[in-house]
Amino acid sequence: MRDFFLEIALDKRKGLLALLLRPPLYLVSLIYGLLVRGVYWVYKRGILPGYRPKAKVISVGNITLGGTGKTPLVELLAETLLGKGKRVVVLSRGYSLDEPRMLENKIEGLRVLTGRDRIKTAKEAENTLKPEVMILDDGFQHWRLSRDLDIVLLNSRNYFGNRRLIPRGILREPPSSLERADVIVISKTDSVKDISLIKNELGQINSRALIVECAYKPECVLDVQGKAFSLGIIENKNICLLSGIADPDYFKKTASDSGARIVLEERFPDHHQYHKGDIEKIVRACRNKNVDTIVTTEKDLSRLPLSEFASDMKILILKIKLVITQNEESFFNRIFNLLAD
């Protein structure tokens with residue numbers, strides 16, 4: 001059902017039912033837009049109280065539904081700041097536990113606190129962990145918690161969607177909300193021919209924001225025990241590509257760039273919780289294609305019941321690294337200057 005409405009929001013779903021649903025969904029999106037503007041107006045004028053932590057707060061967010069690549073950027077920031085000797089904590093809304101678990105498992109010394117009430121988790125972090133920096137994951141629309149730097153990601157492949165608010169489109173806020181951003185990171189720029197059109201439009205919305213470009217590159221391949229192998233292990237190998245993420249097309253491109261031959265692909269909704277029936281279906285499809293290797297994402301690994309796979313099926317994880325391709329020095333200068341204040 002979620003995929004059905006998402007396809008309508010992306011104007012991918014055809015047919016009579018989709019045609020009939022578009023007008024009422026558009027009406028709901030107008031009401032949603034009024035509510036968003038109203039809530040922001042209330043917090044901007046201090047009518048409802050907010051909270052400013054003692055630590056520096058860096059928000060990493062977006063204005064669209066999923067697929068912008070927030071988690072790798074949060075990971076990069078946390079690793080960089082921890083490497084500088086800073087006490088860092090990530091505050092996550094906790095829509096699912098796969099991303100917080102993945103971050104804590106990958107980054108030694110990082111704590112990720114989850115909870116819908118960000119002020120509560122911020123105070124908990126202050127009382128127990130005494131952080132110097134809080135990274136607010138998915139925080140652009142969370143106006144109750146004051147921040148020192150607002151970083152917003154845009155997926156260059158579909159940066160404003162059909163320019164409608166949810167549920168008729170994928171926008172959580174109108175594009176004009178980007179005027180609040182301090183840094184705008186355009187992600188997945190390696191899959192777009194001309195990025196200048198996006199940058200020109202962003203410049204008209206917010207001329208003061210630093211615009212950064214990034215892509216996600218395959219770094220290595222991991223087995224389920226975490227042992228790393230070079231990308232050569234999947235080069236020219238027939239694989240099944242398995243994912244339950246927001247942008248499976250980009251994951252497919254990344255896997256193809258690694259040299260793998262994708263003969264079978266199994267896609268599930270973002271944050272899908274896999275069960276025994278899913279695994280049986282996947283293994284059956286692999287058998288039919290004579291494939292014995294499944295390549296998936298780090299996010300998916302924590303949701304896969306590995307014991308349900310047949311013993312002769314090899315499960316590998318394609319590890320992805322965020323690479324800043326333009327304005328990297330300026331980006332980190334913003335971060336370090338903030339901490340120097």
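Reader: Which residues does Leu21 touch, not counting residues up to four places away in sequence?
Author: This is a predicted model, and the contacts are computed from it. Leu21 is found in helix 2. Once residues up to four places away in sequence are set aside, its contacts are Phe4, Phe5 and Ile8.

Reader: How far apart are the C-alpha atoms of Leu21 and Phe5?
Author: Phe5 is one of the residues that Leu21 touches. Along the chain the two are 16 residues apart. Their C-alpha atoms are separated by 9.3 Å.

Reader: Does Leu21 count as buried, partly exposed or exposed, and what is its relative accessibility?
Author: Buried means under 20% relative accessible area, and exposed means over 50%. Leu21 falls in between, so it counts as partly exposed, with a relative accessibility of 21%.

Reader: Which helix do the buried residues of helix 1 pack against?
Author: Helix 1 covers residues 2-9, and its buried residues are Phe4, Ile8 and Ala9. Seen down the helix axis, they fall within an arc of 140°, so they line one face of helix 1. These buried residues pack against helix 2.

Reader: Where is confidence lowest and where is it highest in the protein?
Author: The protein averages a pLDDT of 93, and 99% of the residues score at least 70. Confidence is lowest in helix 1, at a mean of 82. The highest value, 98, belongs to strand 11.

Reader: Which residue in strand 12 stands opposite Val295?
Author: In strand 11, Thr293 and Val295 point one way, Ile294 and Thr296 the other, and all are buried. Four bridges join strand 11 to strand 12, and the two run parallel. Opposite Val295 stands Leu316.

Reader: Which residue stands opposite Ile294 in strand 11?
Author: Strand 9 covers residues 238-243. Two bridges join it to strand 11, and the strands run parallel. Opposite Ile294 stands Cys240.

Reader: Which strands are included in what covers the buried residues of helix 6?
Author: In helix 6, residues 196-205, the buried residues are Ile198, Glu201 and Leu202. Down the helix axis they fall within an arc of 100°, so they line one face of helix 6. Their cover includes strand 5, strand 6 and strand 7.

Reader: Is Thr121 buried or exposed, and what is its relative accessible area?
Author: Thr121 is in helix 5, residues 118-128. Leaving aside neighbours within four places in sequence, it is in contact with Leu91, Leu113, Thr114 and Gly115. The cut-off for buried is under 20%. Thr121 is therefore buried, with a relative accessible area of 3%.

Technical notes. Residues are numbered from 1 along each chain as its sequence is written. This is a predicted model: local features need pLDDT of at least 70, side-chain atom pairs count only at pLDDT 80 or more; totals for chains, interfaces and linings use all residues. Side-chain values use heavy atoms; hydrogens and water are left out. Buried means under 20% relative accessible area, exposed over 50%, partly exposed in between (1.4 Å probe, protein chains only). The arc is that of the directions from the helix axis to the C-beta atoms. Contact means heavy atoms within 4.5 Å. pLDDT is the predictor's confidence in each residue, from 0 to 100. Two strands pair if DSSP finds at least two bridges between them.
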